[in-house]
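Subject: The structure you asked about

Hi there,

Here is the structure to open alongside this message. Have a look at it first, then read on.

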Amino acid sequence: GRWPSFHDFEIVKVVFERNSLDDQWGPHITVYIHMCQIMGELADGHFVYDKHNVVGLLFRSVLDYSEQCFNHQNVIDDIEITLTHDEANNELYQVLFPGLHGIELALTCRKIEVASIESGIPPWSVNVEDA
């Protein structure tokens with residue numbers, strides 16, 4: 001019911017596609033993010049999590065991207081989205097995933113969509129023991 005803070009969420013998968021059947025424009029990048037709600041903190045400093053989901057964000061018509069440091073965890077600080085325009089005054093989105101541990105991803109695209117929402121914790125997540 002609100003825009004989430006993406007702080008400490010994990011990018012678990014990034015898929016690059018040069019085009020899709022339903023769209024003449026390409027390439028596309030889908031970023032899958034393990035998201036959850038922090039319910040509280042225990043006395044030992046560990047957090048209690050709830051409402052785990054893996055959300056796929058689809059970035060259509062990617063014009064430019066850069067990525068570095070993809071590793072075993074890929075914790076991000078946030079997602080920053082800035083609306084800009086190209087020389088023909090078409091809308092463009094500049095997207096930045098600032099990394100905390102692992103991936104840093106930046107891209108420019110023409111459209112952003114929520115492609116999927118899958119309930120649960122990915123089995124390879126570092127948060128499995130917190131479930």
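Predicted model: local features only at pLDDT ≥ 70, side-chain atom pairs only at ≥ 80, totals over all residues.

**Strands**

Strand β6, residues 80-85, runs antiparallel to β7 and is joined to it by 6 bridges. Within that pair, H85 sits opposite E91 of β7. The two strands make a hairpin with 5 residues between them, and N89 in the turn has a positive phi of about 70°. Strands β7 and β9 are also antiparallel, with 5 bridges joining them. There, L96 has A106 in β9 as its bridge partner.

**The core**

The largest nonpolar core has 20 residues, and the members that touch the most others are V31, I33, F59, I76, I79, F97 and L107. Two or more residues come from each of β2 (28-41), β3, β7 (91-97) and β9 (104-109). The biggest share is that of β2, with 5 residues.

**Salt bridges**

How many salt bridges does the structure hold? There are 3. In one of them, the side chains of E113 and R60 meet at 2.7 Å, N to O. This pair links distant parts of the chain, since E113 is in strand β10 and R60 is in strand β3, 53 residues apart. R60 counts as buried because its relative accessibility is 9%, under the 20% limit. E113, at 23%, counts as partly exposed.

E113 also forms a salt bridge with K111, where the closest N and O atoms are 3.5 Å apart. K111 is partly exposed at 44% relative accessibility. Through shared partners, R60, K111 and E113 are joined into one network.

The other pair is R110 with D86, with 3.3 Å between the closest N and O atoms. It too links distant parts of the chain: R110 is in the loop between β9 and β10, D86 is in the loop between β6 and β7, and they are 24 residues apart. D86 is buried, with a relative accessible area of 15%, whereas R110 is partly exposed at 33%.

**Single residues worth a look**

S61 lies in the loop between β3 (47-60) and β4 (64-68). Is S61 buried or exposed? S61 counts as buried, because its relative accessibility is 7%. Apart from residues up to four places away in sequence, S61 touches W25, G26, P27, H28, T108, C109 and R110. S61 has a positive phi near 55°, although this residue is not glycine. C69, another non-glycine residue, has a positive phi of about 70°. You will find C69 in the loop between β4 and β5 (75-76).

P122 is in the segment after β10 (111-119) and is buried, with 4% relative accessibility. The C-alpha atoms of P122 and H52 are separated by 8.8 Å, although the two residues are 70 apart along the chain.

**On the surface**

M39, L42 and V48 form a nonpolar patch with about 250 Å² of accessible area together. V48 belongs to strand β3 and counts as partly exposed at 32% relative accessibility.

Happy browsing, and do write back with any questions.

Best wishes

Note on methods
Residues numbered from 1 in each chain as written. Heavy atoms only, no water. Helix = DSSP H or I, 4+ residues; strand = E, 2+ residues; numbered from the N terminus. Buried < 20%, exposed > 50% of the residue type's maximum accessible area, 1.4 Å probe, protein only. Contact = heavy atoms within 4.5 Å. Patch = residues over 30% accessible without salt bridge, like charges linked within 9 Å, V, L, I, M, F, W, Y side chains within 5 Å. Areas by Shrake-Rupley, 256 points an atom, 1.4 Å probe, with all protein chains shown as cover. Salt bridge = Lys/Arg side-chain N within 4 Å of Asp/Glu carboxyl O. Core = buried A, V, L, I, M, F, W, Y, C linked by side-chain atoms within 4.5 Å. Pairing = 2+ DSSP bridges.
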